[in-house]
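Please keep the sequence and the model in view while reading.

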Amino acid sequence: MLAGFVRMVGRSVAWLTLVMTLAVALMGESTLSSFLALAAIGLLVVGALVLMRFGYIRAVSTVFTAGLLVFDTVLVAVSGGTNNPMAACFLNVPMVAGLLL
């Protein structure tokens with residue numbers, strides 16, 4: 001029962017991340033960096049969904065949380081550092097970790 005709940009939360013977080021990334025990419029400016037960011041987060045989400053399909057729930061939770069941390073770190077570093085409002089995206093990592101781990 002708990003494994004089914006964790007799987008449902010993991011899928012929800014993954015799909016929500018993918019949908020929000022696509023929405024931001026479609027509404028934002030179309031540059032190479034935005035397409036690379038979309039490809040990176042899309043690869044992370046699709047890879048997580050495929051691994052979840054095979055039943056690797058704990059591994060997917062850890063890899064997705066670590067990948068989100070790396071993605072947010074690179075995004076903040078490229079966009080101007082911690083003085084940029086984009087640094088607020090680090091708040092997503094503990095929330096996702098709390099839900100998945």
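## Val-6 in helix H1

Val-6 has a relative accessibility of 22% and therefore counts as partly exposed; the term covers values between buried, under 20% relative accessible area, and exposed, over 50%, with a 1.4 Å probe and protein chains only. This residue belongs to helix H1. Helices here are DSSP runs of H or I with at least four residues, strands are runs of E with at least two, and both are numbered from the N terminus.

Which residues does Val-6 contact, leaving aside its neighbours within four places in sequence? They are Ile-57 and Leu-100, where contact means heavy atoms within 4.5 Å. The C-alpha atoms of Val-6 and Leu-99 are separated by 8.1 Å, although these residues are 93 apart along the chain.

## Basis and confidence of the model

The model is predicted: local features need a pLDDT of at least 70, side-chain atom pairs count only at pLDDT 80 or more, and totals for chains, interfaces and linings use all residues. Residues are numbered from 1 along each chain as its sequence is written, and side-chain values use heavy atoms, with hydrogens and water left out.

The predictor's confidence in each residue is given as pLDDT, on a scale from 0 to 100. Its average over the protein is 77, and 82% of the residues score at least 70. Among the elements, helix H1 (residues 2–27) has the lowest mean pLDDT, 71, whereas helix H3 (residues 57–78) has the highest, 84.

## Overall architecture

The protein contains four helices and zero strands. Read from the N terminus on, its elements follow the order α-α-α-α.

The protein has 101 residues, of which 32% count as buried. Among contacts between residues at least 6 apart in sequence, 63% join residues at least 24 apart.

Helix H4 spans residues 92–100, and its buried residues are Val-93, Val-96, Ala-97 and Leu-100. Seen down the axis of H4, these residues fall within an arc of 100 degrees, so they line one face of the helix; the arc is that of the directions from the helix axis to the C-beta atoms. On the other side of H4, the exposed residues are Pro-94, Gly-98 and Leu-99.

From H3, the residues Ser-61, Phe-64, Thr-65, Leu-68, Leu-69 and Asp-72 meet Asn-92, Val-93, Val-96, Ala-97 and Leu-100 of H4. By class, this contact comprises seven nonpolar, three polar and one charged residues. Ala, Val, Leu, Ile, Met, Phe, Trp, Tyr, Cys and Pro count as nonpolar, Asp, Glu, Lys and Arg as charged, and the others, Gly among them, as polar.

Leu-68 lies in helix H3 and is buried, with a relative accessible area of 9%. Leaving aside neighbours within four places in sequence, Leu-68 is in contact with Ile-41, Leu-44, Asn-92, Val-93 and Val-96. Ala-66 is also a residue of helix H3, but counts as partly exposed at 40% relative accessibility. Its C-alpha atom is separated by 8.5 Å from that of Val-93, 27 residues apart along the chain.

Val-50 is found in helix H2 (residues 32–53) and counts as partly exposed, at 42% relative accessibility. The C-alpha atoms of Val-50 and Val-60 are separated by 9.4 Å, and these residues are ten apart along the chain.
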